[in-house]
Amino acid sequence: MSEARHDPVKVGIVSISDRASSGVYEDKGLPALQDWLTRALLNPIAFESRLIPDEQDGISAALIELVNAGCCLVLTTGGTGPAPRDVTPEATLAVAHKEMPGFGEQMRQISLKFVPTAILSRQVAVVRDQSLIINLPGQPKAIAETLEGLKDADGKQIVPGIFAAVPYCVDLIGGPYLETRDEVCKAFRPKNAVRAPRPA
């Protein structure tokens, strides 16, 4: 199988919602994250999923658990607005070894092309050990937009999505070599960081 030449990876996906976690409505965050990552990455992916309420200590505990389980990348969705129960950024920063502010800045720039309320979002990204943790928006459409960026009618990239920088970041913190499908999201690496394809 051709997939054999791509490093297998473990990815944590976390949907944070009081109502979805208590069964009031169906969670759409986890399927959206899994679908996008499966389309974007060539690597075989083992997903670790969590659906949890908006409780700061519980969110922090879940993030630490996923990092300790060997997830090189942890993506969260939900809980990043200004409402009293929105505590995902605080929970994420509490477990950080390094903050990566560029991710949040770029996500807001992308979302502002669609809605003026993007300035109310507080997504952050951090490094803990050899894992990159990124807070994403709550809506599946916004998740895809921020990860992929903006393209024109011909598919030409207008604004880069944040995921273009994720594989190289994971390289730098000692994680596996993530490879993307260019038609979904073309990863950027300096020439000296590009690995030659390995035979299957």
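This is a predicted model: local features need pLDDT of at least 70, side-chain atom pairs count only at pLDDT 80 or more; totals for chains, interfaces and linings use all residues.

Visitor: What makes β7 and β8 a pair of strands?

Guide: Two strands count as paired if there are at least two bridges between them. Strand β7 (residues 149-151) and strand β8 (residues 157-160) have 3 bridges, so they qualify, and the sense is antiparallel. They form a hairpin with 5 residues between them, and Gly155 in the turn has a positive phi of about 85°.

Visitor: How do you know that β1 and β3 pair?

Guide: By that rule again: at least two bridges are needed, and 5 bridges join strand β1 (residues 9-16) to strand β3 (residues 73-77), which run parallel. One example is Gly12, whose bridge partner in β3 is Val74.

Visitor: Why are β2 and β4 said to stand at the edges?

Guide: The open sheet has 6 strands in the order β2-β1-β3-β6-β5-β4, with mixed pairing. β2 (45-52) and β4 (98-99) each have a single partner strand, so one side of each is left without a neighbour in the sheet.

Visitor: Why are α2 and α6 called roughly parallel?

Guide: Helix α2 (residues 29-40) and helix α6 (residues 140-148) pack at an angle of about 30°, their axes 10 Å apart. Angles under 35 degrees count as roughly parallel, so this pair gets that name. Their crossing is right-handed.

Visitor: Which residues meet there?

Guide: From α2 come Ala32, Leu33, Trp36 and Arg39; from α6 come Pro140, Ile143, Ala144, Leu147 and Glu148. They divide into 7 nonpolar, no polar and 2 charged.

Visitor: And the aromatic rings: how many pairs are counted?

Guide: The count comes to 1 aromatic pair. Trp36 and Phe163 are 5.0 Å apart centre to centre, with 70° between the planes. The centres must lie within 6.5 Å and planes over 60 degrees apart count as edge-to-face, so this pair is edge-to-face. Trp36 lies in helix α2 and Phe163 in the loop between β8 and α7 (166-172), so the pair ties together parts 127 residues apart in sequence.

Conventions
Residues are numbered from 1 along each chain as its sequence is written. Side-chain values use heavy atoms; hydrogens and water are left out. Axes are lines fitted to C-alpha atoms, for helices over the stretch in contact, and angles run from 0 to 180 degrees between N-to-C directions. Helices (H or I, at least four residues) and strands (E, at least two) are DSSP runs, numbered from the N terminus. Angles under 35 degrees count as roughly parallel, over 145 as roughly antiparallel, 65 to 115 as roughly perpendicular and the rest as oblique. A crossing is left-handed if the near helix is turned anticlockwise from the far one by less than a right angle, and right-handed if clockwise. Contact means heavy atoms within 4.5 Å. Ala, Val, Leu, Ile, Met, Phe, Trp, Tyr, Cys and Pro count as nonpolar, Asp, Glu, Lys and Arg as charged, and the others, Gly among them, as polar. Rings of Phe, Tyr and Trp (its six-membered ring) pair if their centres lie within 6.5 Å; planes under 30 degrees apart count as stacked, over 60 as edge-to-face and the rest as tilted.
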